[in-house]
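Have the viewer open as you read.

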Amino acid sequence: MPRADTEAAKLLQSAGITSPPVDVDALATRVGAAIVPEALDPEVSGVLYRRPEGVVIAVNRDHAPTRRRFTVAHELGHLLLHQGRPLIVDHVVRARINLRDHRSSLATEREEIDANRFAASLLMPADLVNDQLTKQLRPGLSEQRTIDALAKEFDVSPQAMEFRLTNLGLRAAV
């Protein structure tokens, strides 16, 4: 099992989460990260800022709620999986940073792929997706309606759920 999946499962287990939707804000607090909604450039979804005083996840307040949830989960992935990059702003800041922008969603860098996988595993754990898919399947219900129902249950976008089902090899079951 990839490390991203393992770390997400460990975090869920430590918090006792056994049903959707996952309270990603509570998980961030649990690992010592403060979430701060910010007016960020539209191309930036979020920023992970590691400071000696603590960790801050800035999330674009103008993005859709499901996007913000995925961004927080993505930044938690960076926090738990990666060391981050140094940040220098006008003066020396003793911190490390990860930035989620439009390139992150393209999953072209290894760290971004890991963080996206972590976020998907955290918000849509494979066993819970399997359970809910079984409950949602009904004769005559279209594929899109099934995906939409699952997305609503997990409080994620239909696109995120569609990717997750595909990556879990469950798309054919829908």
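This is a predicted model: local features need pLDDT of at least 70, side-chain atom pairs count only at pLDDT 80 or more; totals for chains, interfaces and linings use all residues.

## Strand 3 and its partners

Ala34 has Val56 as its bridge partner in strand 3.

Two pairs to pick out in your viewer are Val47, whose bridge partner in strand 3 is Ala58, and Arg50, which stands opposite Val55. Strand 2 and strand 3 form a hairpin, with 2 residues between them.

## How covered are these strands?

How many of the residues of strand 3 are buried? Strand 3, spanning residues 54-60, has 6 of its 7 residues buried, which leaves the strand mostly covered. Strand 2 is largely enclosed by the rest of the structure, because 6 of its 8 residues are buried.

## The chain as a whole

Stepping back, the chain contains 8 helices and 5 strands. Read from the N terminus, the order of elements is α-α-β-β-β-α-β-β-α-α-α-α-α.

Of the 174 residues in the chain, 43% are buried. Among contacts with a separation of 6 or more, 60% come from residues 24 or more positions apart. The accessible surface of the chain is about 9400 Å², and carbon and sulfur atoms account for 53% of that surface.

## Ala151 in helix 7

Is Ala151 buried or exposed? Ala151 sits in helix 7 (residues 143-154), and its relative accessible area is 2%. Ala151 therefore counts as buried, since the cut-off is under 20%.

What does Ala151 touch, leaving aside residues up to four places away in sequence? The list is Val156, Ser157, Pro158 and Met161. For a distance to check, take Ala151 and Glu162: they are 11 residues apart in sequence, and their C-alpha atoms are 8.5 Å apart in space.

## The largest pocket

If you are thinking about cavities and pockets, this is the part to explore. The largest pocket has a volume of about 960 Å³. Its lining comprises 34 residues, and those nearest its centre are Asn116, Arg117, Ala120, Ser121 and Arg164. Two or more lining residues come from each of helix 1 (3-15), helix 3 (65-81), helix 5 (110-123), helix 6 (126-136) and helix 8 (158-167).

Which helix gives the most to the lining of the largest pocket? Helix 5 does, with 6 residues. Sorted by class, the lining of the largest pocket has 19 nonpolar residues, 9 polar residues and 6 charged residues.

Key:
Residues are numbered from 1 along each chain as its sequence is written. Side-chain values use heavy atoms; hydrogens and water are left out. On a 1 Å grid over the protein atoms alone, a cavity is a set of points where a 1.4 Å probe fits but cannot get out, and a pocket is an open set with protein on both sides within 12 Å along at least five of seven lines; lining residues have an atom within 4 Å of a point. Grid points are joined across faces, edges and corners, and a volume is the space filled by probe spheres set on the points. Helices (H or I, at least four residues) and strands (E, at least two) are DSSP runs, numbered from the N terminus. Ala, Val, Leu, Ile, Met, Phe, Trp, Tyr, Cys and Pro count as nonpolar, Asp, Glu, Lys and Arg as charged, and the others, Gly among them, as polar. Buried means under 20% relative accessible area, exposed over 50%, partly exposed in between (1.4 Å probe, protein chains only). Contact means heavy atoms within 4.5 Å. Accessible areas come from the Shrake-Rupley method with a 1.4 Å probe; for residues, only the protein chains shown count as cover. Two strands pair if DSSP finds at least two bridges between them.
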